[in-house]
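Here's a quick tour of a structure, meant for reading with the sequence and the 3D view open. Take a look around first, then come back for the details.

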Amino acid sequence: MKRFFAFVKKEFYHIFRDYRTLLILFGMPIAQILLFGYVITTDLKDVKIAVYDPTPSEVSQQLVHKLESSGYFIVDQYLNSPSEAEAIFQKGDVREVIIFEAGLAENLVKEGKGNIQLLIDASDPNMGNLVNQYTQGIIRSYQAEMIDAPAVQGGINVESRMMFNTDLASVYMFVPGTMALILMLISAMMTSISIAREKEMGTMEVLLVSPLKPLQIILGKVTPYVALSFINAVTIIILGNTVFGVPVKGSLILLMGESLLFILLALSLGILISTAAKTQQVAMFISLFALMLPTILLSGFIFPIESMPEILQYISAIMPPRWFIVIIKNIMLKGAGITFVWQETLILIGMITFFIFMSVKKFKIRLE
Amino acid sequence: MISIQNISKNFGDVSALRDINLEIKDGELFGLIGPDGAGKSTLMRLMTTLYVPNQGQITMNSRHTVKDYKAIRNHVGYMPGKFSLYQDLSVEENLAFYASVFGSTIEDNYDLVKDVYEQIAPFKKRLAGRLSGGMKQKLALSCALIHRPEILILDEPTTGVDAVSRKEFWEMLKKVQKTGITIVVSTPYMDEASLCDRVALMQKGEVLKVDTPEAIMKSFPKKLFAVKSENQYALLNDLKSNEHVYSVFTFGQYMHVTLVDENGNMEDLSASLQENGHEEVEVKQTDAGIEDMFMYLMNLENE
């Protein structure tokens with residue numbers, strides 16, 4: 001036990017005396033969560049639109065007003081002719097042109113029918129889709145109000161309610177994702193680098209020629225990172241909650257427990273990497289390529305798993321962050337308890353067992 | 001006792017050691033002498049259980065390096081070629097860490113490392129990375145000794161260290177030896193061989209000779225001459241092309257020369273050099289050192 005504590009103490013010295021390690025440990029999580037939260041957002045906000053309205057009327061003006069007051073759109077300019085639309089799109093600022101037909105208000109009254117054309121810049125397809133949906137939604141609700149007023153007409157009235165994330169804020173998505181990403185990177189990368197450093201500096205040679213058992217060396221290296229990564233997890237949750245208002249609806253203890261589980265998983269993966277990497281550089285590259293990209297792309301963090309090609313869906317099933325993201329989304333946003341996430345939790349535990357088994361098996365008690 | 005029997009070690013197609021047999025007695029200060037690539041480090045890593053031999057076996061105080069590797073790891077002190085210190089830990093922290101790794105403390109075995117450690121104690125708060133080569137070496141030795149090993153294995157401890165520190169280091173080793181610890185030390189410096197009780201001369205994965213330094217020097221089979229003139233370069237070339245000369249090596253400011261004919265004498269050599277136009281020729285008979293023997297054996301080996 002004394003050996004173990006001496007080892008952990010030594011490891012803490014390494015961490016606290018290297019400002020680059022410290023920066024990665026504590027600077028990166030904060031920077032990333034802020035970046036993902038603010039910059040990479042798929043929310044509509046202040047999208048610039050242009051309006052062509054040959055016969056301004058109460059109806060068209062109320063509509064434009066509705067669009068603007070939604071907060072999603074800003075009217076950038078009024079056009080003199082529909083043919084200006086293309087030139088405006090080419091300038092790039094305006095995403096949507098709304099063209100009201102001539103005499104819209106009159107037609108509505110006379111024929112009970114009016115036409116509006118939406119021209120949308122779909123060079124960014126996701127954005128185009130969103131703009132389309134939001135605009136139609138606003139027009140539809142305006143229409144409903146109009147109809148409500150005088151007489152009742154038939155038809156199906158669809159009312160959707162967005163559960164668990166009423167505002168469709170993408171930050172709800174990014175906080176769990178970023179948490180998975182950061183814990184994965186920090187834990188796996190830092191442990192694999194620090195073990196590889198012992199090999200590179202030749203100190204591993206002496207550790208091997210000592211009575212320390214492989215498990216003691218591994219545990220000694222890993223323990224400090226468990227503690228530090230846990231602090232990171234807490235920081236991310238607090239930041240998400242205070243800065244972005246992401247709620248923690250479920251049990252905080254369960255959330256922390258699952259985070260700890262995921263940290264252990266990432267650490268065991270880091271150990272496995274270090275058994276293969278001889279130098280710090282190799283360890284870093286493997287960690288970055290093998291962990292960062294799949295975590296971002298295949299875990300459902302940014303791209304929904306359901307819309308991936310089938311083969312990628314299978315690959316994503318072996319990505320640890322995928323399950324963790326499901327777990328914390330359920331706990332944080334839906335307030336789910338362990339009864340709803342036990343399957344994912346079991347998968348994580350299974351992965352940890354596998355990685356630790358492999359690492360201890362692959363850990364070399366000798367040089368090669 | 002360390003007993004090395006028929007040891008061979010290959011790395012892929014490269015054969016690093018071939019059929020090595022050595023016996024190192026208890027309490028002995030034993031030197032492995034040879035140039036880079038002779039196989040010294042490989043042999044030491046075999047002894048410290050870091051490698052598994054392809055053939056043969058080693059026992060360290062009757063513990064087998066493959067079967068009983070765990071037991072050996074409790075009782076061997078090892079200092080690898082690179083001083084294996086944590087650069088970002090202080091002198092004191094390094095020592096305390098290595099002590100605790102072996103389940104010991106600095107206080108327990110302070111008497112053993114006292115002589116070495118006292119020299120670096122004034123710098124105990126300094127990070128190991130900021131120490132000079134000589135101080136690093138002393139710290140590494142302290143770290144290897146702190147758990148009171150039965151056998152101490154030092155891989156080129158004096159390489160890259162200044163002459164004064166080297167001398168001090170050997171004096172320390174002598175003191176450590178007095179406590180009864182068996183010491184195996186490797187060095188590429190021939191002049192350090194005479195400080196060992198016995199040495200093994202190694203070359204290209206083979207042991208050329210094992211004996212006390214004195215016996216090795218005495219066993220030099222030829223008369224050895226030290227030759228000097230005012231033009232050393234021309235002298236070397238002339239000696240090399242001289243048919244009476246068996247071997248010639250530069251040795252400080254002298255050339256060490258042996259002759260083909262056992263009865264050849266200094267006067268003939270001196271005369272033939274003057275014929276070649278050398279001035280201020282000086283020829284004298286001299287005693288062979290370890291290096292002369294090494295060169296001689298290497299020559300034999302190559303023929």
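Let's start with B:Arg198, which counts as buried because its relative accessibility is 15% and buried means under 20%. Keep in mind that this is a predicted model. From B:Arg198 we'll move to a few other spots in chain B, then to chain A.

**B:Arg198 and its surroundings**

- You'll find B:Arg198 in strand E9 of chain B, which covers residues 198-203.
- The side chain of B:Arg198 has a polar contact of 2.5 Å with the side chain of B:Glu28.
- Leaving out residues up to four places away in sequence, B:Arg198 touches a run of residues that includes B:Glu23, B:Ile24, B:Lys25, B:Glu28, B:Leu29, B:Phe30 and B:Gly31.
- The list of residues touched by B:Arg198 also includes B:Val210, B:Asp211, B:Thr212 and B:Pro213.

**B:Glu282, a partly exposed residue**

- Now hop over to strand E14 of chain B (residues 282-286), where B:Glu282 sits.
- Is B:Glu282 buried, exposed or partly exposed? B:Glu282 counts as partly exposed, because its relative accessibility is 31% and that class lies between the 20% and 50% cut-offs.
- The side chains of B:Glu282 and B:Tyr254 make a polar contact of 3.0 Å.
- Besides B:Tyr254, B:Glu282 is in contact with B:Ala226, B:Val227 and B:Lys228, if you set aside neighbours within four places in sequence.
- B:Ser186 is 96 residues from B:Glu282 along the chain, and their C-alpha atoms are 35 Å apart.

**Helix H1 of chain B**

- How many of the 8 residues in helix H1 of chain B are buried? The count is 6, so this helix, made of residues 40-47, is mostly covered, with buried meaning under 20% relative accessible area.
- The buried residues of H1(B) are B:Lys40, B:Thr42, B:Leu43, B:Met44, B:Leu46 and B:Met47.

**Chain B as a whole**

- Chain B has 10 helices and 14 strands.
- Of the 303 residues in chain B, 52% are buried.
- Taken along the principal axes, the C-alpha atoms of chain B fill a box of roughly 70 × 45 × 35 Å.
- Chain B has an accessible surface of about 13,200 Å², and carbon and sulfur atoms account for 48% of it.
- Among chain B contacts with a separation of 6 or more, 69% are between residues 24 or more positions apart.

**Chain A as a whole**

- Over in chain A, there are 14 helices and 4 strands.
- Chain A has a radius of gyration of 28 Å, while a compact globule of 368 residues would have one near 21 Å.
- The C-alpha trace of chain A spans about 95 × 45 × 40 Å along its principal axes.
- Buried residues make up 46% of the 368 in chain A.

**A nonpolar patch on chain A**

- Which residues make the nonpolar surface patch of about 520 Å²? They are A:Phe285, A:Phe289, A:Leu293, A:Leu297 and A:Phe303.
- One of these, A:Phe289, is in helix H11 of chain A, spanning residues 280-297.
- A:Phe289 counts as exposed because its relative accessible area is 55%, and exposed means over 50%.
- An α-helix has 3.6 residues a turn, so residues three or four places apart point the same way.

Terms used:
Residues numbered from 1 in each chain as written. Chains lettered and ligands numbered in written order. Predicted model: local features only at pLDDT ≥ 70, side-chain atom pairs only at ≥ 80, totals over all residues. Heavy atoms only, no water. Patch = residues over 30% accessible without salt bridge, like charges linked within 9 Å, V, L, I, M, F, W, Y side chains within 5 Å. Areas by Shrake-Rupley, 256 points an atom, 1.4 Å probe, with all protein chains shown as cover. Salt bridge = Lys/Arg side-chain N within 4 Å of Asp/Glu carboxyl O. Helix = DSSP H or I, 4+ residues; strand = E, 2+ residues; numbered from the N terminus. Buried < 20%, exposed > 50% of the residue type's maximum accessible area, 1.4 Å probe, protein only. Rg over C-alpha atoms; globule rule 2.2 N^0.38 Å. Contact = heavy atoms within 4.5 Å. Polar contact = N/O pair within 3.5 Å; in protein donor to acceptor, adjacent residues only side chain to side chain.
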